[in-house]
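Keep the 3D view open and find each residue as you read.

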Amino acid sequence: MAAVRLLLFLPLASVSAALQMGLQVKLGDDVTLQCQIITDERISVLKWSRADLNTDGYVYFYRNKRSYENYQHPSFHGRVKLRDPEMKDGDVSVILKNVTFNDTGMYECHIAVRNPVRNKRVHTEISHFINLTVTALQQNMQATLGADVTLQCQITTDERISVLKWSRPDLNTDGYVYFYRNKRSYENYQHPSFHGRVKLRDPEMKDGDVSVILKNVTFNDTGMYECHVAVRNPVSSKRVHTEISHFIELTVTGEVHENMLEKHIKERRRC
C-alpha cells in the first residue's frame, strides 16, 4: 500500500501553538500523520485525537514512556503506531494503516513537554491539526448511447447524510448533476442538461446508498463525475462532520443514427 506523508516542524514556545494542514489519501492506503517538535525537554504526554470521537477514545495515547491501547477508540485498535517508537528528534508522527472512509476527519496532535531538571512543574503544550480526507479510487465505466446508467456511490456510516452533491468539474459553474441537502433535492441547483434525467436509486438512501440513475445518456454526458457526501452526527453538540468523495469516469459509446443525431444536436443547442 502507498504511504502518504505530511511533515510539520513545531518550534518550542512558552505558549500553546496551533497550526492546521490538509491531507488527502486514497481508500485502503497507509497514511503518516506527521508531527514533529524541536525541543530538548521530555515529551510527557502525546495525544492524537479526533474531535468527533473524543468521548469514545483517542486515535493514539502516550504518557510517561508508554502507550495505552485501552484509551483508544475501538476503530483504531491495531491500526495506529508511532513512526519512531523512540520519538527521536521530537518525531511524534503516527502511521494509520488501511484507511477507510470513516477515517476522514480533523486530527489533532497534542504534545505536552516538561523539563525534568526544573524544580517547578512548568511545561509547554503544543497542538497541530490535520484535516484528513479519504477518497475512493477512480472508477471507469462505459454506457451505450440512449441507455440509462447507474452512477454508484455508497458509504458506510450511521451518521446522517446532510449534503449530497453529484457534480462534473466542467459544469460546476452552471450547476450540479444532482444536489441534495437536509432531506430534499434541489432541481434549481442542477445544470439544465440534467433536469428531469437524474434521480436517486434509493430515495431513502438506505445503507448509505447515494447512487443516482442518469437517464437516456448522450455523448455530452461523457466526463468525470464526483459523488461528494457530507455526513453529520445529529447527537453531537459540536458541528463536526465527515466529507467523502468518489469519482467515476463515464464514457458514452454507440452508433449515431439519424434520429439520435438530430436529438443530440437539439440538446447541444439547448445547453
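Asp-52 is partly exposed, because its relative accessible area is 21% and the buried class ends under 20%. Its salt-bridge partner is Arg-50, with N and O 2.8 Å apart. Arg-50 is buried, at a relative accessible area of 3%. Keep in mind that this is a predicted model.

**Salt bridges**

- Side chains of opposite charge can pair when their charged atoms come close.
- How many salt bridges does a search of the whole structure find? The search finds eight.
- Glu-86 and Lys-88 form one of them, with an N to O distance of 3.5 Å.
- Glu-86 counts as exposed, because its relative accessibility is 58% and the exposed class starts over 50%.
- Lys-88 is partly exposed, with a relative accessible area of 48%.
- Another salt bridge joins Arg-197 to Asp-221, and their closest N and O atoms are 2.5 Å apart.
- Where do these two residues lie? Arg-197 is in the loop between β17 (184–185) and β18 (198–200), while Asp-221 is in the loop between β19 (212–214) and β20 (223–232).
- The pair therefore ties together parts that are 24 residues apart in sequence.
- Are Arg-197 and Asp-221 buried or exposed? Arg-197 and Asp-221 are both buried.

**Aromatic pairs**

- A pair of aromatic rings is described by the distance of the centres and the angle of the planes.
- The whole structure holds nine aromatic pairs.
- One of them is Phe-76 with Tyr-107: the ring centres are 6.5 Å apart and the planes meet at 80°.
- Why is this pair edge-to-face? The planes stand at 80°, and an angle over 60 degrees counts as edge-to-face.
- This pair links distant parts of the chain, 31 residues apart. Phe-76 sits in the loop between β8 (66–67) and β9 (80–82), and Tyr-107 sits in strand β11 (residues 105–114).
- Phe-76 is buried, with a relative accessible area of 0%. Tyr-107 is buried too, and its value is 0%.
- Phe-179 and Tyr-186 also make an edge-to-face pair, because their planes are at 70°; their ring centres lie 6.0 Å apart.
- Phe-179 counts as buried at 5% relative accessibility. Tyr-186 counts as buried at 17%.
- Which residues do ring pairs link into a cluster? The cluster holds Tyr-58, Phe-61, Tyr-68 and Tyr-71.

**Charges over rings**

- Tyr-68, a member of that cluster, has the charged end of Arg-63 over its ring. The distance to the ring centre is 5.6 Å.
- Tyr-186, the partner of Phe-179, has Arg-184 over its face. Here the distance to the ring centre is 4.0 Å.

**A sheet of three strands**

- Strands of a sheet pair through backbone hydrogen bonds, either parallel or antiparallel.
- In what order do the strands of the open sheet run? The order is β14-β19-β18, and the pairing is antiparallel.
- β14 (149–151) and β18 are the edge strands, and each pairs on one side only.
- From one strand to the next, the twist averages 30°.
- Three bridges join β14 and β19 in the antiparallel sense.
- Look for Val-149 in the view: its bridge partner in β19 is Leu-214.

Terms used: Residues numbered from 1 in each chain as written. Heavy atoms only, no water. Salt bridge = Lys/Arg side-chain N within 4 Å of Asp/Glu carboxyl O. Buried < 20%, exposed > 50% of the residue type's maximum accessible area, 1.4 Å probe, protein only. Helix = DSSP H or I, 4+ residues; strand = E, 2+ residues; numbered from the N terminus. Phe/Tyr/Trp six-rings, centres within 6.5 Å; stacked < 30°, edge-to-face > 60°. Lys NZ or Arg CZ within 6 Å of the ring centre and 35° of its normal. Pairing = 2+ DSSP bridges. Axes fitted to C-alpha atoms, helices over the stretch in contact; angles between N-to-C directions.
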